[in-house]
Amino acid sequence: MKTFELIVPCFNEQESIPFFYETVKSLLLNLDGFNSSFIFVDDGSRDGTLDEIKKLAASDEKVKYISFSRNFGKESAMLAGLTFSKADYVGIIDADLQHDPALIPEMLSSLESGEYDIAAARRVDRTGEAKFKSVFSKAFYKLINRMSDVKIADGAQDFRVMTRQVVESIVSMREYNRFSKGIFSWVGFKTKWFEHENSKRVAGKSKWSFWSLTTYAIDGIINFSTVPLKISFLIGAFFSFAGLVYALYIILRTIINGSDVPGYPSLFCAILIIGGLILLSLGIIGEYLARIYTEVKDRPSFIVDETNIVKK
């Protein structure tokens, strides 16, 4: 019998976990030909999330858990689950039930056929989401697909099921600054997309603020594209050339007409514009240097405080 493990990253999901478990448990039990289990990853929650998970683990041997020493972020939680998983097929799903667990059987069937290696969910409806977030999200996907060789489907989510080969490939990428949507695409393999509509959280509030989404978008672009550096170079080259042309113009005008009173307003504007572009370029370079700095320190992506998973 083949094995299937469902990774569930959790951060302050005390209210959601009981609903999630009751909803998904019966679905996993009815998967014909699969020995299924959960891997809950507590990402340093500050509420009773870990206690809820431990209650489930005490009554159900199919509930495994990993608890971090502090909050390391969802990217680290997913990596931990993939690292500890040993099943033939591995899935990732959020605990808030915004991802539709009813898709899991069909996802597994598509992988069982041997035609695909990844079955991934793609959101096609953003009902209930703030309009500015929807606009921002669509703009991000268009931007990163133009700037990067890695193509990410619009509305792509972390909710997916993967073969063992895909999981091993993802785990082998030990970079500290992780952008999983990009990594899922970068490793390649054949992907079947499952479209689904947006659902409201079963309980609690979203942990994603506009600022955290913006930071996440910047991470994605910088991790999978060097285009910002090229843009910075091109801007610098353009203004250098423009400055040279203008200098030649001033020299020729002075030779022909003689010296005149300089244009202070235009000079002041030019200084502000060029100074701002210099700082922008330095900021872009700084973002890349910051990531190099964190990578070379080679710190672990997560630290496990406790777990009931026995390493083989």
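Modeller: Helices (H or I, at least four residues) and strands (E, at least two) are DSSP runs, numbered from the N terminus. The model is predicted.

Colleague: In which loop is N12 found?

Modeller: N12 has a positive phi of about 55 degrees, although it is not a glycine. Most residues other than glycine have a negative phi. The loop that holds N12 is the one between β1 and α1.

Colleague: Does N12 count as buried, partly exposed or exposed?

Modeller: Buried means under 20% relative accessible area, and exposed means over 50%. The relative accessibility of N12 is 21%, so N12 counts as partly exposed.

Colleague: Is L97 buried or exposed?

Modeller: L97 is found in the loop between β4 and α4. Its phi is near 65 degrees, a positive value in a residue other than glycine. The relative accessible area of L97 is 15%, and the cut-off is under 20%, so L97 is buried.

Colleague: How far apart are the end C-alpha atoms of helix α1?

Modeller: Helix α1 covers residues 16-29, which is 14 residues. The expected span is 1.5 Å times one less than the number of residues, so α1 should span 20 Å. The model agrees, with the end C-alpha atoms apart by 20 Å.

Colleague: Which elements cover the buried residues of α1?

Modeller: The buried residues of α1 are S16, I17, F20, Y21, V24, L27 and L28. In an α-helix, residues three or four places apart point the same way, because there are 3.6 residues a turn. The cover on the buried residues of α1 includes β1 (2-10), β2 (34-42), α2 (49-59), β3 (63-68) and α4 (104-112).

Colleague: How many of the nine residues of β2 are buried?

Modeller: β2 is largely enclosed by the rest of the structure.

Colleague: Which residue of β3 is the bridge partner of V41?

Modeller: β2 and β3 run parallel and are joined by five bridges. The chain gets from β2 to β3 through α2, in a right-handed β-α-β crossover. In β3, the partner of V41 is I66.

Colleague: Which are the edge strands of the sheet?

Modeller: Eight strands form an open sheet with mixed pairing, in the order β7-β5-β6-β4-β1-β2-β3-β8. An edge strand pairs on one side only, and here the edge strands are β7 (191-196) and β8 (304-307).

Colleague: What is the average twist from one strand to the next?

Modeller: The sheet in question is the open one of eight strands. From one strand to the next, its twist averages 20 degrees.

Colleague: Which residue of β7 is the bridge partner of A121?

Modeller: Strand β5 (residues 118-123) and β7 run parallel, joined by six bridges. In β7, A121 has as its bridge partner F194.

Colleague: At what angle does α4 run to β6?

Modeller: α4 lies across β1, β2, β4 (89-92), β5, β6 (156-163) and β7. Relative to β6, α4 runs at about 50 degrees.

Definitions and conventions: Residues numbered from 1 in each chain as written. Predicted model: local features only at pLDDT ≥ 70, side-chain atom pairs only at ≥ 80, totals over all residues. Heavy atoms only, no water. Buried < 20%, exposed > 50% of the residue type's maximum accessible area, 1.4 Å probe, protein only. Contact = heavy atoms within 4.5 Å. Pairing = 2+ DSSP bridges. Right-handed = clockwise from strand over helix to strand, strands pointing away. Axes fitted to C-alpha atoms, helices over the stretch in contact; angles between N-to-C directions.
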